Amino acid sequence: MDKRVLILISVILIGLILPASGSDVQRCGLCHSNIAENYTKSLHYTIMGIRVAWDEGIGAMTHQPLPKICMKCHVENCSTCHIYHGYIPNMTICVDCHRHNVGVNYMGYLIDKMGKGPSPDIHYVYGLNCTTCHKEPEIHGDGHLYTHSFYAVKVRCLDCHGTGKLVRVGNKTIRVKKYDPNLLPHRIHAKVLSCIACHAAWYQTCINCHLDTGKVDKITTKEFHLIQGPDGKLYPAVRMIVTFQGKTYTSVALIAPHTISPKGRPCSDCHNPNTINDVFLVGYKGRLVGPPGIKIVKPGESLKQLVCTADECYARPPNKIVIKIPVLNIWIDTEMLGTLIIGATIVGIFLHYLKRRLTLK
Amino acid sequence: MGGHNDEYVEVHRQHLLYRITHWGIVSTGLIIGFTGLRLGEIWGVSIPQNYQLALKIHVYLGFVFAFFWLLMFLQLITHEWKWFGFHRFLYSIKFLIAETKAWLGIGPHVEDPRCYDPRIGDYREKIIPTEVIVPWAYILLTIIMGITGLSLYYQNYFAPIIHLADRFAPIFGLNSGIDLLRAIHRLVMFFYLMMMLVHAYACFVFGVIKSMITGTRLERVCK
């Protein structure tokens with residue numbers, strides 16, 4: 001064979017093998033240096049979120065290394081999402097990896113689209129895709145090494161709903177519904193509940209995920225638990241139940257379900273003496289998975305007593321309303337004052353009637 | 001009230017729509033009032049036991065109640081303005097003071113001014129003057145009850161009112177505008193009930209209950 005042909009074949013082979021043999025981050029970083037540098041520290045690249053969750057939860061209990069299947073989440077190459085130069089990934093690309101929970105749940109499906117969930121996320125209904133909320137620094141990283149998405153994800157509901165701003169979705173503009181701090185559930189719960197604790201309509205719980213085979217016995221969307229996050233607010237929590245070599249292991253993880261509904265959960269989901277212990281995982285002593293500081297909290301007594309539906313609670317008046325006039329140092333119980341007014345009226349009518357009878361005689 | 005030598009004549013006093021409107025207000029008002037007592041758990045009222053049912057009845061019947069009041073208002077301004085117009089407020093108040101003085105024995109006896117003039121085919125005075133204030137006081141209280149009640153139930157739509165109430169709540173030692181609106185709603189309800197009691201008793205004393213049922217009444221002929 002001609003020596004020149006051999007050299008040409010070698011060059012072509014090397015050209016084909018080299019890009020496929022390792023990450024293309026360095027190559028892309030020649031121009032996009034900042035992004036590339038940050039990206040190598042992002043959760044998409046390090047998959048520290050999954051690693052830490054595994055090590056804290058199931059991994060610690062089963063003494064097994066992170067399964068290879070989880071390593072698929074490691075997005076090593078820019079070209080995994082940016083198929084060609086200048087390509088902006090759409091939602092399909094995101095959901096292709098996030099197909100076990102948030103991605104498919106967002107669209108109203110269960111894991112791997114194997115069934116329909118109760119409802120899609122309201123943002124999906126309005127046409128918002130992943131990158132409408134999750135901007136570039138969250139996806140490519142911001143230069144910090146995070147171990148939990150709780151800290152890596154910066155977007156907050158109030159970023160849009162706090163101002164009721166206009167959001168561009170495709171070729172239409174939507175005015176975001178403004179958060180109303182006066183709404184009774186917001187008044188009562190804003191300091192103790194995260195938005196998603198109430199507005200995540202559902203999430204999936206896999207019962208007995210077999211680590212050996214990858215199969216799941218059952219999926220339910222009925223479970224609902226709350227645990228306290230590092231900021232002191234309550235967040236949704238999922239029970240992760242896995243089976244390995246005939247044994248069942250359970251851990252509980254703080255999650256951010258992407259199944260948002262404009263109407264919050266009914267009050268009775270928490271304010272229910274029959275289910276409150278289950279919601280707050282009373283008696284659970286197992287492992288907690290999530291950012292440092294998460295913990296199980298005891299439900300307050302009021303949750304055990306009050307049973308109501310949403311509409312009731314919205315309008316439910318307290319038994320006593322006491323008006324205080326500090327200037328005059330007067331306290332008025334409205335019911336007592338009202339009773340006095342009605343009592344005086346009845347006495348007045350009776351006296352009038354009596355005098356009338358006597359006068360007429 | 002009338003003298004022994006007075007003549008009386010049967011007069012058509014209230015037309016059918018007016019009577020229907022009146023009893024519509026009475027019946028819906030009583031149910032709303034009762035369910036309101038249940039919602040506020042006032043005086044131990046606990047019927048209906050189903051809180052949700054009581055709330056639905058209270059709110060939705062409230063719209064019917066408001067509709068009847070709107071009808072009443074329209075009839076007042078179109079047919080009864082001569083007797084219930086604002087121009088008679090001062091006269092009404094003076095009459096009330098005179099009546100009170102007479103009742104307490106510190107003023108002269110006050111004659112019932114109501115009489116019908118057959119020659120002109122109309123009343124010279126159709127109502128006890130104190131009555132002028134009654135429908136307007138009711139309407140005012142109904143508006144207050146309506147606004148506060150709707151603000152409590154439809155908090156999203158009435159947010160501006162809640163914001164406004166928020167500003168005044170601390171003056172009354174209350175935590176929020178919602179509490180203030182509740183306090184107003186509750187207190188005005190007691191005034192409403194007071195007016196209803198006095199109104200019912202006055203109707204009995206002045207003998208006008210029958211005319212609100214049959215539409216006719218034996219009226220004193222003017223001299």
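Helices (H or I, at least four residues) and strands (E, at least two) are DSSP runs, numbered from the N terminus. The model is predicted: local features need pLDDT of at least 70, side-chain atom pairs count only at pLDDT 80 or more, and totals for chains, interfaces and linings use all residues. Residues are numbered from 1 along each chain as its sequence is written, and chains are lettered from A and ligands numbered from 1 in the order in which they are written.

**Exercise 1.** State how many helices and strands chain B has, and give their order.

*Solution.* Begin with the count: chain B has eight helices and four strands. Next, read along the sequence, where the pattern is β-α-α-α-α-β-β-α-α-α-α-β.

**Exercise 2.** Determine how helix 2 and helix 5 of chain B are oriented to each other.

*Solution.* Axes are lines fitted to C-alpha atoms, for helices over the stretch in contact, and angles run from 0 to 180 degrees between N-to-C directions. The axes of helix 2 (residues 51-78) and helix 5 (residues 133-153) of chain B come within 11 Å and cross at roughly 150°. Angles under 35 degrees count as roughly parallel, over 145 as roughly antiparallel, 65 to 115 as roughly perpendicular and the rest as oblique. Helix 2 and helix 5 of chain B are therefore roughly antiparallel.

Helix 2 of chain B contributes, among others, B:Trp69 and B:Phe73, while helix 5 of chain B contributes residues including B:Ile139 and B:Tyr153. For the classes, Ala, Val, Leu, Ile, Met, Phe, Trp, Tyr, Cys and Pro count as nonpolar, Asp, Glu, Lys and Arg as charged, and the others, Gly among them, as polar. The contact of helix 2 with helix 5 of chain B has nine nonpolar, four polar and no charged residues.

**Exercise 3.** Describe the side of chain A that touches chain B.

*Solution.* The contact takes 26 residues from chain A and 31 residues from chain B. On the side of chain A, helix 15 (184-189), helix 19 (310-315), strand 9 and helix 20 (334-360) each give two or more residues. Helix 20 of chain A gives the most, with nine residues. By class, this side of chain A has 14 nonpolar, six polar and six charged residues.

Technical notes
Two residues are in contact if their C-beta atoms, placed from the backbone, lie within 7 Å.
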